[in-house]
Amino acid sequence: MKKILISTRLVVLTVSSSLISGITFAAIPAELKLDYAYYAPTSLVLKEQKLLEKALPKTQIKWVFSQGSNRSLEYLNSGSVDFASTAGLAAVLSRANGSPIKTVYIQSQPEWTALVVAKDSPIKSLKDLKGKKIAATKGTDPFLFTLQALDTVGLSKGDVQLVHLQHPDGKTALERKQIDAWAGLDPLMASAQVQSGAKLLYRNVGFNSYSVLSVKENFAKQSPEAIEAVLKAYEQARQWAKANPDKLAELLARETKLPLNVAKLQLSRTNLDQNIPTAKHIKALQKAGTILTEENLVRKGTNVNQVVSQLLDAKYAQKVVSK
(Lines give C-alpha, C1' and ligand atoms only; values in the text may rest on other atoms or scores of the structure.)
Protein backbone atom coordinates (compact mmCIF):
# COMPACT_ATOMS: atom_id res chain seq x y z
CA MET A 1 0.00 0.00 0.00
CA LYS A 2 2.90 2.38 0.82
CA LYS A 3 4.44 1.76 -2.60
CA ILE A 4 1.14 2.51 -4.29
CA LEU A 5 0.75 5.78 -2.34
CA ILE A 6 4.33 6.87 -3.15
CA SER A 7 3.80 6.00 -6.79
CA THR A 8 0.55 7.96 -6.91
CA ARG A 9 2.22 11.00 -5.32
CA LEU A 10 5.00 10.86 -7.90
CA VAL A 11 2.48 10.81 -10.72
CA VAL A 12 0.66 13.81 -9.22
CA LEU A 13 3.94 15.70 -8.80
CA THR A 14 4.97 14.93 -12.38
CA VAL A 15 1.67 16.12 -13.80
CA SER A 16 1.72 19.24 -11.59
CA SER A 17 5.23 20.17 -12.68
CA SER A 18 4.17 19.93 -16.31
CA LEU A 19 1.43 22.51 -15.77
CA ILE A 20 2.76 26.04 -16.11
CA SER A 21 0.31 28.89 -16.58
CA GLY A 22 -2.37 26.39 -17.57
CA ILE A 23 -0.35 24.79 -20.40
CA THR A 24 0.25 21.02 -20.37
CA PHE A 25 3.69 20.26 -21.78
CA ALA A 26 2.76 16.62 -22.37
CA ALA A 27 0.13 17.73 -24.91
CA ILE A 28 2.63 19.77 -26.94
CA PRO A 29 4.32 18.08 -29.94
CA ALA A 30 7.98 17.11 -29.69
CA GLU A 31 8.72 19.58 -32.50
CA LEU A 32 7.17 22.92 -33.37
CA LYS A 33 7.91 24.66 -36.67
CA LEU A 34 7.51 28.43 -37.00
CA ASP A 35 8.37 30.95 -39.65
CA TYR A 36 10.04 34.30 -39.09
CA ALA A 37 9.94 37.26 -41.43
CA TYR A 38 11.33 40.76 -41.73
CA TYR A 39 7.78 42.06 -42.26
CA ALA A 40 6.75 40.54 -38.89
CA PRO A 41 9.13 42.15 -36.35
CA THR A 42 7.79 40.30 -33.29
CA SER A 43 8.71 37.00 -34.95
CA LEU A 44 12.33 38.22 -34.96
CA VAL A 45 12.11 39.00 -31.23
CA LEU A 46 10.62 35.57 -30.53
CA LYS A 47 13.45 33.86 -32.41
CA GLU A 48 16.35 36.02 -31.21
CA GLN A 49 15.40 35.87 -27.52
CA LYS A 50 14.60 32.13 -27.71
CA LEU A 51 11.35 32.75 -25.85
CA LEU A 52 9.76 29.51 -27.02
CA GLU A 53 12.91 27.47 -26.43
CA LYS A 54 12.93 28.73 -22.83
CA ALA A 55 9.20 28.15 -22.32
CA LEU A 56 9.23 24.67 -23.90
CA PRO A 57 12.63 23.14 -23.08
CA LYS A 58 11.53 19.64 -24.09
CA THR A 59 10.23 20.73 -27.50
CA GLN A 60 12.48 21.17 -30.52
CA ILE A 61 11.80 24.55 -32.12
CA LYS A 62 12.50 24.81 -35.84
CA TRP A 63 12.62 28.19 -37.62
CA VAL A 64 11.89 28.75 -41.33
CA PHE A 65 12.45 32.09 -43.09
CA SER A 66 9.53 33.51 -45.11
CA GLN A 67 10.07 36.07 -47.89
CA GLY A 68 6.37 36.90 -48.18
CA SER A 69 2.84 35.74 -47.37
CA ASN A 70 2.72 33.46 -50.42
CA ARG A 71 5.82 31.57 -49.27
CA SER A 72 4.57 31.46 -45.69
CA LEU A 73 1.25 29.94 -46.78
CA GLU A 74 3.04 27.45 -49.03
CA TYR A 75 5.10 26.33 -46.03
CA LEU A 76 1.97 26.05 -43.88
CA ASN A 77 0.03 24.06 -46.46
CA SER A 78 2.96 21.70 -47.09
CA GLY A 79 3.58 21.10 -43.38
CA SER A 80 6.97 22.84 -43.40
CA VAL A 81 5.68 25.15 -40.64
CA ASP A 82 2.94 24.89 -38.02
CA PHE A 83 2.62 28.68 -37.57
CA ALA A 84 2.63 31.09 -40.52
CA SER A 85 3.13 34.87 -40.43
CA THR A 86 1.09 36.42 -43.23
CA ALA A 87 -1.04 39.34 -44.24
CA GLY A 88 -4.65 38.96 -43.19
CA LEU A 89 -6.05 39.25 -46.72
CA ALA A 90 -3.60 36.65 -48.01
CA ALA A 91 -4.89 34.27 -45.33
CA VAL A 92 -8.48 35.03 -46.45
CA LEU A 93 -7.53 34.25 -50.05
CA SER A 94 -5.88 31.00 -49.01
CA ARG A 95 -8.89 29.80 -47.03
CA ALA A 96 -11.32 30.94 -49.73
CA ASN A 97 -9.48 28.74 -52.20
CA GLY A 98 -9.73 25.63 -50.05
CA SER A 99 -6.87 25.72 -47.56
CA PRO A 100 -8.23 24.76 -44.09
CA ILE A 101 -6.43 27.39 -42.01
CA LYS A 102 -7.31 29.36 -38.89
CA THR A 103 -5.99 32.81 -37.95
CA VAL A 104 -5.37 32.72 -34.21
CA TYR A 105 -3.50 35.96 -33.47
CA ILE A 106 -3.05 39.53 -34.73
CA GLN A 107 0.65 40.42 -34.73
CA SER A 108 0.35 44.07 -35.72
CA GLN A 109 -1.36 46.60 -37.96
CA PRO A 110 1.35 47.71 -40.35
CA GLU A 111 1.39 50.11 -43.23
CA TRP A 112 3.84 47.79 -44.90
CA THR A 113 2.85 48.24 -48.52
CA ALA A 114 2.31 51.09 -50.99
CA LEU A 115 2.76 51.59 -54.71
CA VAL A 116 6.32 52.73 -55.29
CA VAL A 117 7.93 54.50 -58.24
CA ALA A 118 11.52 55.51 -58.92
CA LYS A 119 12.84 58.90 -57.80
CA ASP A 120 12.74 60.36 -61.33
CA SER A 121 9.56 58.60 -62.49
CA PRO A 122 7.17 60.64 -64.68
CA ILE A 123 4.24 58.76 -63.13
CA LYS A 124 2.34 61.12 -60.83
CA SER A 125 -0.98 59.38 -60.17
CA LEU A 126 -2.69 55.99 -60.20
CA LYS A 127 -4.33 56.80 -63.55
CA ASP A 128 -0.85 57.16 -65.06
CA LEU A 129 -0.31 53.43 -64.40
CA LYS A 130 -2.63 52.39 -67.24
CA GLY A 131 -0.68 50.13 -69.58
CA LYS A 132 2.37 50.23 -67.32
CA LYS A 133 4.37 47.36 -65.76
CA ILE A 134 3.81 46.85 -62.03
CA ALA A 135 5.78 44.25 -60.06
CA ALA A 136 3.75 42.49 -57.36
CA THR A 137 4.10 39.16 -55.58
CA LYS A 138 0.91 37.21 -56.35
CA GLY A 139 -1.13 36.17 -53.32
CA THR A 140 0.40 38.74 -50.96
CA ASP A 141 -0.87 41.97 -49.42
CA PRO A 142 1.04 44.17 -51.89
CA PHE A 143 -0.61 42.32 -54.80
CA LEU A 144 -4.09 42.71 -53.31
CA PHE A 145 -3.28 46.31 -52.32
CA THR A 146 -2.47 47.02 -55.97
CA LEU A 147 -5.82 45.70 -57.17
CA GLN A 148 -7.69 47.77 -54.57
CA ALA A 149 -5.66 50.87 -55.44
CA LEU A 150 -6.34 50.51 -59.18
CA ASP A 151 -10.02 49.99 -58.46
CA THR A 152 -10.24 53.45 -56.86
CA VAL A 153 -9.62 55.04 -60.27
CA GLY A 154 -11.64 52.57 -62.31
CA LEU A 155 -8.72 50.41 -63.43
CA SER A 156 -8.44 46.62 -63.18
CA LYS A 157 -5.57 44.17 -63.51
CA GLY A 158 -6.36 43.95 -67.23
CA ASP A 159 -5.49 47.64 -67.63
CA VAL A 160 -1.89 47.16 -66.43
CA GLN A 161 0.88 44.63 -66.89
CA LEU A 162 1.32 42.79 -63.59
CA VAL A 163 4.77 41.23 -63.30
CA HIS A 164 4.83 38.47 -60.70
CA LEU A 165 8.15 38.85 -58.89
CA GLN A 166 9.14 38.06 -55.31
CA HIS A 167 9.43 41.20 -53.19
CA PRO A 168 13.26 41.58 -53.34
CA ASP A 169 13.23 41.04 -57.11
CA GLY A 170 10.52 43.67 -57.50
CA LYS A 171 12.68 46.22 -55.72
CA THR A 172 15.67 45.36 -57.92
CA ALA A 173 13.54 45.57 -61.07
CA LEU A 174 12.33 49.05 -60.07
CA GLU A 175 15.88 50.25 -59.41
CA ARG A 176 16.98 48.88 -62.82
CA LYS A 177 13.97 50.56 -64.49
CA GLN A 178 12.73 47.21 -65.82
CA ILE A 179 9.27 48.07 -64.48
CA ASP A 180 7.31 51.28 -63.98
CA ALA A 181 6.03 50.69 -60.44
CA TRP A 182 6.39 48.21 -57.63
CA ALA A 183 3.98 47.04 -54.96
CA GLY A 184 6.50 47.42 -52.16
CA LEU A 185 6.82 45.59 -48.87
CA ASP A 186 8.75 46.74 -45.82
CA PRO A 187 11.60 46.71 -45.00
CA LEU A 188 12.48 46.62 -48.70
CA MET A 189 10.13 49.54 -49.38
CA ALA A 190 11.71 51.63 -46.62
CA SER A 191 15.13 50.71 -48.00
CA ALA A 192 14.17 51.89 -51.49
CA GLN A 193 12.94 55.20 -50.03
CA VAL A 194 16.06 55.84 -47.99
CA GLN A 195 18.72 54.45 -50.32
CA SER A 196 17.52 55.28 -53.83
CA GLY A 197 15.00 58.06 -53.16
CA ALA A 198 12.05 55.96 -54.37
CA LYS A 199 8.68 57.67 -53.93
CA LEU A 200 5.43 56.30 -52.55
CA LEU A 201 2.99 56.98 -55.38
CA TYR A 202 -0.09 55.77 -53.50
CA ARG A 203 -0.62 55.09 -49.81
CA ASN A 204 -3.72 53.82 -48.03
CA VAL A 205 -3.47 52.31 -44.54
CA GLY A 206 -6.98 50.91 -44.96
CA PHE A 207 -5.82 48.75 -47.88
CA ASN A 208 -3.04 47.23 -45.75
CA SER A 209 -4.48 44.17 -44.04
CA TYR A 210 -3.30 43.09 -40.60
CA SER A 211 -0.21 41.01 -39.91
CA VAL A 212 -1.59 37.71 -38.62
CA LEU A 213 -0.51 34.31 -37.35
CA SER A 214 -2.29 31.26 -38.76
CA VAL A 215 -2.30 27.48 -38.28
CA LYS A 216 -3.96 24.52 -40.01
CA GLU A 217 -7.36 23.49 -38.64
CA ASN A 218 -6.15 19.96 -37.85
CA PHE A 219 -3.23 21.34 -35.86
CA ALA A 220 -5.61 23.58 -33.90
CA LYS A 221 -7.79 20.61 -33.00
CA GLN A 222 -4.88 18.34 -32.07
CA SER A 223 -2.58 20.82 -30.32
CA PRO A 224 -4.50 23.73 -28.74
CA GLU A 225 -1.93 23.79 -25.90
CA ALA A 226 0.83 24.40 -28.44
CA ILE A 227 -1.06 27.36 -29.86
CA GLU A 228 -1.51 28.83 -26.38
CA ALA A 229 2.21 28.39 -25.62
CA VAL A 230 3.23 30.08 -28.87
CA LEU A 231 0.80 32.97 -28.37
CA LYS A 232 2.08 33.48 -24.81
CA ALA A 233 5.58 33.81 -26.26
CA TYR A 234 4.34 36.15 -29.00
CA GLU A 235 2.71 38.33 -26.35
CA GLN A 236 6.05 38.49 -24.49
CA ALA A 237 7.73 39.51 -27.74
CA ARG A 238 5.08 42.15 -28.50
CA GLN A 239 5.29 43.69 -25.02
CA TRP A 240 9.09 43.78 -25.23
CA ALA A 241 8.92 45.34 -28.71
CA LYS A 242 6.57 48.08 -27.49
CA ALA A 243 8.77 48.83 -24.46
CA ASN A 244 12.04 48.80 -26.42
CA PRO A 245 11.51 50.53 -29.80
CA ASP A 246 15.20 51.41 -30.25
CA LYS A 247 16.34 47.86 -29.49
CA LEU A 248 13.66 46.51 -31.83
CA ALA A 249 14.96 48.75 -34.60
CA GLU A 250 18.52 47.56 -33.93
CA LEU A 251 17.36 43.92 -34.10
CA LEU A 252 15.50 44.50 -37.36
CA ALA A 253 18.49 46.29 -38.87
CA ARG A 254 20.83 43.51 -37.77
CA GLU A 255 18.60 40.75 -39.17
CA THR A 256 17.89 42.47 -42.48
CA LYS A 257 21.44 43.84 -42.79
CA LEU A 258 19.89 47.19 -43.63
CA PRO A 259 20.76 50.62 -42.15
CA LEU A 260 19.19 51.54 -38.82
CA ASN A 261 17.25 54.45 -40.35
CA VAL A 262 15.56 51.99 -42.74
CA ALA A 263 14.46 49.81 -39.83
CA LYS A 264 13.18 52.84 -37.93
CA LEU A 265 11.17 53.99 -40.96
CA GLN A 266 9.50 50.59 -41.22
CA LEU A 267 8.69 50.46 -37.51
CA SER A 268 7.37 54.04 -37.50
CA ARG A 269 4.40 52.79 -39.55
CA THR A 270 3.81 49.58 -37.58
CA ASN A 271 1.11 49.60 -34.88
CA LEU A 272 1.85 46.93 -32.26
CA ASP A 273 -1.31 47.53 -30.19
CA GLN A 274 -2.96 44.40 -31.58
CA ASN A 275 -3.37 40.80 -30.42
CA ILE A 276 -6.84 39.21 -30.14
CA PRO A 277 -8.84 38.82 -33.36
CA THR A 278 -12.03 40.86 -32.94
CA ALA A 279 -15.13 41.95 -34.83
CA LYS A 280 -13.11 44.98 -35.96
CA HIS A 281 -10.61 42.74 -37.75
CA ILE A 282 -13.39 40.61 -39.25
CA LYS A 283 -15.17 43.69 -40.59
CA ALA A 284 -11.97 45.15 -42.08
CA LEU A 285 -11.08 41.90 -43.84
CA GLN A 286 -14.62 41.41 -45.13
CA LYS A 287 -14.57 44.91 -46.60
CA ALA A 288 -11.19 44.33 -48.25
CA GLY A 289 -12.28 40.84 -49.33
CA THR A 290 -14.73 42.20 -51.89
CA ILE A 291 -11.78 42.73 -54.25
CA LEU A 292 -11.16 38.96 -54.22
CA THR A 293 -14.61 38.36 -55.69
CA GLU A 294 -14.47 41.29 -58.10
CA GLU A 295 -11.13 40.14 -59.52
CA ASN A 296 -12.17 36.46 -59.73
CA LEU A 297 -9.40 35.49 -57.33
CA VAL A 298 -11.70 33.08 -55.49
CA ARG A 299 -13.88 30.29 -56.78
CA LYS A 300 -17.24 31.38 -58.21
CA GLY A 301 -19.98 31.44 -55.60
CA THR A 302 -17.58 31.83 -52.66
CA ASN A 303 -19.07 33.77 -49.75
CA VAL A 304 -16.04 35.82 -48.69
CA ASN A 305 -17.80 37.23 -45.62
CA GLN A 306 -18.41 33.70 -44.39
CA VAL A 307 -14.82 32.71 -45.17
CA VAL A 308 -13.51 35.58 -43.02
CA SER A 309 -15.83 34.66 -40.14
CA GLN A 310 -14.61 31.05 -40.28
CA LEU A 311 -10.96 32.08 -40.61
CA LEU A 312 -10.54 34.21 -37.48
CA ASP A 313 -10.62 32.29 -34.20
CA ALA A 314 -10.11 34.38 -31.07
CA LYS A 315 -10.40 31.73 -28.35
CA TYR A 316 -6.70 30.86 -28.16
CA ALA A 317 -5.54 34.47 -27.81
CA GLN A 318 -8.34 35.24 -25.35
CA LYS A 319 -6.94 32.59 -23.02
CA VAL A 320 -3.40 33.92 -22.91
CA VAL A 321 -3.50 37.67 -23.53
CA SER A 322 -3.15 39.72 -20.33
CA LYS A 323 -6.24 41.78 -19.68
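This is a predicted model: local features need pLDDT of at least 70, side-chain atom pairs count only at pLDDT 80 or more; totals for chains, interfaces and linings use all residues.

User: Which residue in S12 is the bridge partner of Thr-103?

Analyst: The partner of Thr-103 is Ser-214 in S12.

User: And how many bridges pair S5 with S12?

Analyst: Four bridges pair S5 with S12, again in the antiparallel sense. Within S12, Ser-211 stands opposite Ala-87.

User: What about S6 and S13, how many bridges there?

Analyst: Two bridges join S13 to strand S6, which covers residues 101–110, and the two strands run antiparallel. Gln-109 has Asn-271 in S13 as its bridge partner.

User: So what is the strand order of the whole sheet?

Analyst: The order is S5-S12-S6-S13, an open sheet of four strands with antiparallel pairing. Strand S5 (84–87) and strand S13 (270–271) are the edge strands, each pairing on one side only.

User: Which helix packs on the sheet and touches S5, S6 and S12?

Analyst: Helix H5, residues 88–96, packs on the sheet and touches S5, S6 and strand S12 (211–216). The direction of H5 makes about 100° with that of S5. Helix H10, residues 224–243, also lies across S5, S6 and S12, and H10 runs at about 0° to S6.

User: Why is S12 largely enclosed?

Analyst: Five of its six residues are buried, so S12 is largely enclosed by the rest of the structure.

User: Let us turn to the nonpolar cores. Which residues of the largest one touch the most other members?

Analyst: They are Leu-89, Val-92, Leu-115, Leu-129, Leu-292 and Leu-297, in a core of 51 residues.

User: What does Leu-129 touch?

Analyst: Leaving aside residues up to four places away in sequence, Leu-129 touches Leu-115, Ile-123, Ile-134, Leu-150, Asp-159, Val-160, Ala-181 and Leu-201. Another core, of 42 residues, lies apart from the largest one; Leu-213, Val-215, Phe-219 and Ala-229 are among its members.

User: Changing topic: how far does H11 reach from its first C-alpha to its last?

Analyst: Helix H11 (residues 245–256) reaches 16 Å, close to the 16 Å expected for its twelve residues at 1.5 Å a residue.

User: Which residues of H11 are buried?

Analyst: Leu-248, Ala-249, Leu-251, Leu-252, Ala-253 and Thr-256 are buried in H11. The buried residues of this helix pack against helix H2 (41–48), H10 and helix H12 (260–268). Just after H11 comes Lys-257, which takes a positive phi of about 60°.

User: At what angle do H6 and H13 cross?

Analyst: The axes of helix H6 (residues 141–151) and helix H13 (residues 279–294) cross at roughly 85° and come within 10 Å. H6 is therefore roughly perpendicular to H13.

User: Which residues meet there, from H6 and from H13?

Analyst: From H6, Leu-144, Leu-147, Gln-148 and Asp-151 meet Ala-288, Ile-291, Leu-292 and Glu-294 of H13. Leu-292 is also one of the residues that touch the most other members of the largest core.

User: One last point. Is Thr-59 buried or exposed?

Analyst: Thr-59 counts as buried, because its relative accessibility is 11% and the cut-off is under 20%. Thr-59 lies in the loop between helix H3 (51–55) and strand S4 (60–65).

User: And what does Thr-59 touch?

Analyst: Not counting residues up to four places away in sequence, Thr-59 touches Ile-28, Pro-29, Ala-30, Glu-31 and Leu-32.

Notes: Residues are numbered from 1 along each chain as its sequence is written. Side-chain values use heavy atoms; hydrogens and water are left out. Two strands pair if DSSP finds at least two bridges between them. Contact means heavy atoms within 4.5 Å. Axes are lines fitted to C-alpha atoms, for helices over the stretch in contact, and angles run from 0 to 180 degrees between N-to-C directions. A nonpolar core is a set of buried Ala, Val, Leu, Ile, Met, Phe, Trp, Tyr and Cys residues joined through side-chain atoms within 4.5 Å. Buried means under 20% relative accessible area, exposed over 50%, partly exposed in between (1.4 Å probe, protein chains only). The expected span of a helix is 1.5 Å times one less than its number of residues. Angles under 35 degrees count as roughly parallel, over 145 as roughly antiparallel, 65 to 115 as roughly perpendicular and the rest as oblique.
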